[in-house]
Protein chains: 2
Amino acid sequence: MSDYRVTILGSGSALSNIQTFHSAQMLKMNSKYFLIDAGEGVQIRMRQHHQKMLSINHIFISHLHGDHCLGLPGLLSSLGLMGRTAPLFIHAHADLEKVMGDMIRYFCADTPYEINFVPYDPYHYEEIFSDRTISVTTIPLKHRVPTCGFVFREKNKERHINKQMADAFEVPLAFYQNLKAGEDFITADGKVVENERLTTPPSHSHSYAYISDTAYLEKIVPLIEGVDCLYHEATFLSSDKDRIRKTLHSSAAQAATIAKMANVGKLLIGHHSSRYDSYGAFLEEARTIFPETYSAVDGARFDL
Amino acid sequence: MSDYRVTILGSGSALSNIQTFHSAQMLKMNSKYFLIDAGEGVQIRMRQHHQKMLSINHIFISHLHGDHCLGLPGLLSSLGLMGRTAPLFIHAHADLEKVMGDMIRYFCADTPYEINFVPYDPYHYEEIFSDRTISVTTIPLKHRVPTCGFVFREKNKERHINKQMADAFEVPLAFYQNLKAGEDFITADGKVVENERLTTPPSHSHSYAYISDTAYLEKIVPLIEGVDCLYHEATFLSSDKDRIRKTLHSSAAQAATIAKMANVGKLLIGHHSSRYDSYGAFLEEARTIFPETYSAVDGARFDL
């Protein structure tokens, strides 16, 4: 199983049922786990799909519609029962704490860990998380309430040292970190050895973009350019013009158009309206524009 | 299908999973539907088991532990999406509105129906609902937070008129209601005709008792005496003495003892701790004391 993958915990919109829970995804980037949105029942789906619940340290909530965050209180309370002690960070619109903070504190009164609400500004593209290897930035979207998508990017990795060549030029161990960072090496007699002769390119830096509820929005394209995998909501089919306009959601064709323009590796579509009996038509519509499209159904797992 | 039945929507305790959602039951009494407790995902289970979500007018919440009420916001929000207009009444400890009221109003801001919180006093046995045919009373329990069970009883029904006999004694139609209520009839010449000669006994008045989280509590016995069907929590097996004492929950044997003392028709047990792999031992323990015991597993349906 890949170390870089996303598991769809819930893919439904509006009215959930046993096949399609509300929005939630678990992203694994190497050894790190991120929960993106937390619809009702997310804790149930996590257990069902054997997700490492206690390994999540950061939760990202795209917007404050119930189908994207009502699973939080139950999840947080269960993490307490499971004995979590590490602090947890919830990145969301500032209203989340105002609206759910008291309730969460009431139902999690005995939990042995700290819950931190970290508000982000939903109107500006900004980095809201960064550690040694991963960076997460917001992507302001266009919906009926302030909404953000998120891009998860591995930071540029180090170049790999070509040990044989490094030995040949007598590069001291102390300089290895500089080599990995891309520096050229200067020998004792002042000769410049280009970095490319001493190293091979770094491994691929993985990336994932999550575009939650939004109207068609071309200005996000440069922000998600070239990601390995893009999730983009596709609530309606193109024919449902009135609803697309009124609800500020996207069609499958619009999701595919964004994917194509951004030149992403593959596209996942979900959040289909429960008005449609089958999801085949969504895939069909999207694939005419962007063939590498897949259905983000509950329980599906995609390598980045 | 019986007009008097309870459907188990969730039967789990503490950590829910796809087999056992958190506590919730749907009670049908003739043409009326009552929701008892509302654990996370209750709206999902209702759709799964084809329950008439829009027919519920009254919800009864036994206590404010998350596993008994965190499904409320999602359910209430979905009822709005489904176009509910009839007012809804939520009977619960007064803290429910304090803790979840703002959040529910936030996520249900556009709902086209009225949500009424009706607080009850969790320390006194009292009638909290009554209409022409049904009465609901609280049963104060003993748990770590204020908790109540509920008894649902059909009111005494009318006697059935024996038309042939009523005609023979020339009972006027205007007196039929008095006959149904049990009055004797006095003929024109002053002769008393006993009611029993003119009527047959009323149909059975159905009853259901829901005993939520509680330590063993004998004083509830007279309050649930003779109900058709009793649900009583059974979180542990008798051998788990320490946990029973510390958590203020009951064992399967204790639930069965209460059922036997109250001389109920049948006993349903649930809320089993997730520490146990299988639930067979619970049934076994209870049936040695009260043979008519059944497992209230998710999706099970019992006629009263």
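Helices (H or I, at least four residues) and strands (E, at least two) are DSSP runs, numbered from the N terminus. Please keep in mind that this is a predicted model, in which local features need pLDDT of at least 70, side-chain atom pairs count only at pLDDT 80 or more, and totals for chains, interfaces and linings use all residues. Residues are numbered from 1 along each chain as its sequence is written, chains are lettered from A and ligands numbered from 1 in the order in which they are written, and side-chain values use heavy atoms, with hydrogens and water left out.

**Helix α2 of chain B**

- Nine of the 10 residues of α2(B) are buried, leaving the helix mostly covered; buried means under 20% relative accessible area, exposed over 50%, and partly exposed in between (1.4 Å probe, protein chains only).
- Among the buried residues are B:Leu72, B:Pro73, B:Leu75, B:Leu76 and B:Leu79, along with B:Gly74 and B:Gly80.
- Just after the helix comes B:Gly83, with a positive phi of about 90°.

- Three residues, B:Glu40, B:Ile44 and B:Phe107, supply 22% of the area that chain B buries against chain A, more than any other three residues.
- Each chain brings 32 residues to the contact, where contact means heavy atoms within 4.5 Å.
- Six residue pairs are in polar contact across the interface (both at pLDDT 80 or more).
- A polar contact is a pair of N or O atoms within 3.5 Å; within protein, one must be able to donate a hydrogen and the other to accept it, and residues adjacent in sequence count only if both atoms are side-chain atoms.
- On the side of chain B that touches chain A, α1, α2 (72-81) and α3 (95-107) each supply at least two residues.

- B:Glu40 sits in the loop between β3 (32-38) and α1 (42-48) of chain B.
- Although buried, B:Glu40 has no salt bridge, and the nearest side chain of opposite charge, A:Arg47, is 7.7 Å away.
- The B:Glu40 side chain reaches the backbone nitrogen of A:Gly41 at 2.6 Å, and a polar contact of 2.8 Å joins it to the side chain of A:Gln43.
- Leaving aside neighbours within four places in sequence, the contacts of B:Glu40 include A:Glu40, A:Val42 and A:Ile44 in chain A, and B:Phe21, B:His22 and B:Leu70 in chain B.

**B:Ala234, another buried loop residue**

- B:Ala234 lies in the loop between β15 (229-233) and α8 (241-247) of chain B, and it counts as buried because its relative accessibility is 0%.
- Its C-alpha atom is separated by 9.4 Å from that of B:Ser212, 22 residues apart along the chain.
- Beyond four places in sequence, B:Ala234 is in contact with residues including B:Ser250, B:Ala255, B:Ile269, B:His271 and B:Phe282.

**Chain A as a whole**

- Chain A has 11 helices and 18 strands, and its C-alpha trace spans about 75 × 50 × 35 Å along its principal axes.
- Of the 304 residues of chain A, 58% count as buried.

Definitions and conventions. Lys, Arg positive; Asp, Glu negative; His and termini not counted. Salt bridge = Lys/Arg side-chain N within 4 Å of Asp/Glu carboxyl O. Buried area = accessible area lost by both parts, 1.4 Å probe.
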